[in-house]
Amino acid sequence: MSIFDAESFDGHELVTFGREQKSGLRAIIAVHNTALGPAVGGCRMYPYASDESALDDVLRLSRGMTYKSALAGLPFGGGKSVIIGDPRKDKTPELMRAMGEFVHSQGGRYVAAEDSGTSVADIRLMSERTPHVSGLQQNEFGGDPSPSTAWGVFLAIRTAVRHRLGEDSLRGLRVAVQGLGNVGYYLSGYLAEAGAVVLGCDIDPGNLQRAVDQHGVIPVSTDSILATAADVFAPCALGAVLNARTIPTLRAGIVAGAANNQLATATDGERLQERGILYCPDFLVNAGGIIDVHHQRIGSQAGDKRAHIARIEQTLQQVLARADSLRLCTHVIAEQLARDIIDTAARAVAA
Ligand code: NAD
């Protein structure tokens, strides 16, 4: 199949492959859509099994960023970059500076931020070669957007519980959190504070223990988290966790979590709907981090940022209500809503 016809390509404006001999950089920058503004998105470093899987990942992530920023009412387009390599073994200051040069070659069309496998320190190295980076400004967590992402997911869980179970409180409800890293850790804290019973797992024993000690998380094995009896399943580790193999095993009635690209394919959204599981679209509910980055960039007050993140609740309510009345999948409705916002902006520019 031609790359232009692939589901993940989805009309990308620009895809650039970067290679720099001396540092060993091999990277891809994908700019999906810039109708609303420059394409802001994380720079991920991961030891991809093949160049094809790196390309597929960057395209899917970049497309998700377009929808995420549009639904969050941000003046950003959608883009993403990936560096092919193991962040624990292959990362050097030269590599990150070379990535900075690669980002600079896009002329500001793409703005890089931190993502899995990259840190604020890496973005700082990139900033030696380009001004087109974000996330170096400060917030109350020293620049880390993860607590904001976790807060948005928490609000989404509350909204979905109200919608599906008619409950205003999370007290006594069971939430299974997969991945207790940056976002999962804060999310389990917000849930515990709200009185939920939090069950969690992580392949990293240190991260699991931290959540057990700090937030009273009940440990569950990584193999059984999906099949754990719970009201809500919150994926906060990996993409493509909702697929033909896992969906039949799910025992939660609601899925709402931070991980990007949770649905392996669009058909998996239908599989969830057929099973009566309420799926909260990832690109809608995990926008707290990019909203945080925006407020860092414009230097606004913490209260303004919180109010902006709280809008995730209203947008989700709107999507869930429309999906019910049209009997369509929630991710289809959320994508339509995002496209309407983008098309309206594009028409306004053309007029
Ligand atoms: P992170 O790397 O800090 O945490 C991920 C955690 O998942 C790690 O502790 C890791 O050990 C664990 N993990 C990996 N594989 C696992 C498995 N099979 N089972 C259980 N645990 C596993 O990442 P993060 O910043 O917390 O982000 C979590 C997810 O949310 C990622 O998919 C990320 O792309 C997405 N996301 C993050 C943000 C943000 O602000 N950090 C914003 C939007 C989306």
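The exercises below apply to a predicted model.

**Exercise 1.** Find which residues of α10 are buried and what covers them.

Solution. 
- Buried means under 20% relative accessible area.
- The buried residues are K305, H308, I309, I312, E313, T315, L316, V319, L320 and A323.
- An α-helix has 3.6 residues a turn, so residues three or four places apart point the same way.
- The cover over the buried residues of α10 includes the helices α1 (51-71), α4, α8 (282-285), α9 (288-298) and α11 (330-350), together with strand β11 (278-279).

**Exercise 2.** Decide whether S62 is buried or exposed, and list its contacts beyond four places in sequence.

Solution. 
- S62 belongs to helix α1.
- Its relative accessibility is 0%, so S62 counts as buried.
- With neighbours within four places in sequence left aside, S62 touches H12, A30, V31, H32, G78, G79 and K80.

**Exercise 3.** Place D86 in the chain and describe its surroundings.

Solution. 
- D86 sits in the loop that joins β4 (77-84) and α2 (93-104).
- Its relative accessible area is 10%; because this is under the 20% cut-off, D86 is buried.
- The side chain of D86 comes to 2.9 Å from the backbone nitrogen of R88.
- Leaving aside neighbours within four places in sequence, D86 is in contact with M45, P47 and K91.
- T222 lies 136 residues from D86 along the chain, and the two C-alpha atoms are separated by 23 Å.

**Exercise 4.** Describe the shell around the ligand and its polar contacts.

Solution. 
- The ligand is surrounded by 22 residues, and the closest are T149, N182, V183, D202 and N207.
- By type, the shell divides into nine nonpolar, nine polar and four charged residues.
- Helices α4 (146-165) and α5 (182-193) each contribute at least two residues to the shell.
- A polar side-chain atom of D202 is 2.6 Å from an oxygen atom of the ligand.
- In the side chain of N260, an N or O atom lies 3.0 Å from a ligand oxygen.
- For A258, a polar backbone atom is 3.3 Å from an oxygen atom of the ligand.
- On its own the ligand has 830 Å² of accessible area, of which the protein covers 79%.

Technical notes:
Residues are numbered from 1 along each chain as its sequence is written. This is a predicted model: local features need pLDDT of at least 70, side-chain atom pairs count only at pLDDT 80 or more; totals for chains, interfaces and linings use all residues. Side-chain values use heavy atoms; hydrogens and water are left out. A residue is near a molecule or strand if one of its heavy atoms lies within 4 Å of it. A polar contact is a pair of N or O atoms within 3.5 Å; within protein, one must be able to donate a hydrogen and the other to accept it, and residues adjacent in sequence count only if both atoms are side-chain atoms. Accessible areas come from the Shrake-Rupley method with a 1.4 Å probe; for residues, only the protein chains shown count as cover. Helices (H or I, at least four residues) and strands (E, at least two) are DSSP runs, numbered from the N terminus. Ala, Val, Leu, Ile, Met, Phe, Trp, Tyr, Cys and Pro count as nonpolar, Asp, Glu, Lys and Arg as charged, and the others, Gly among them, as polar. Buried means under 20% relative accessible area, exposed over 50%, partly exposed in between (1.4 Å probe, protein chains only). Contact means heavy atoms within 4.5 Å.
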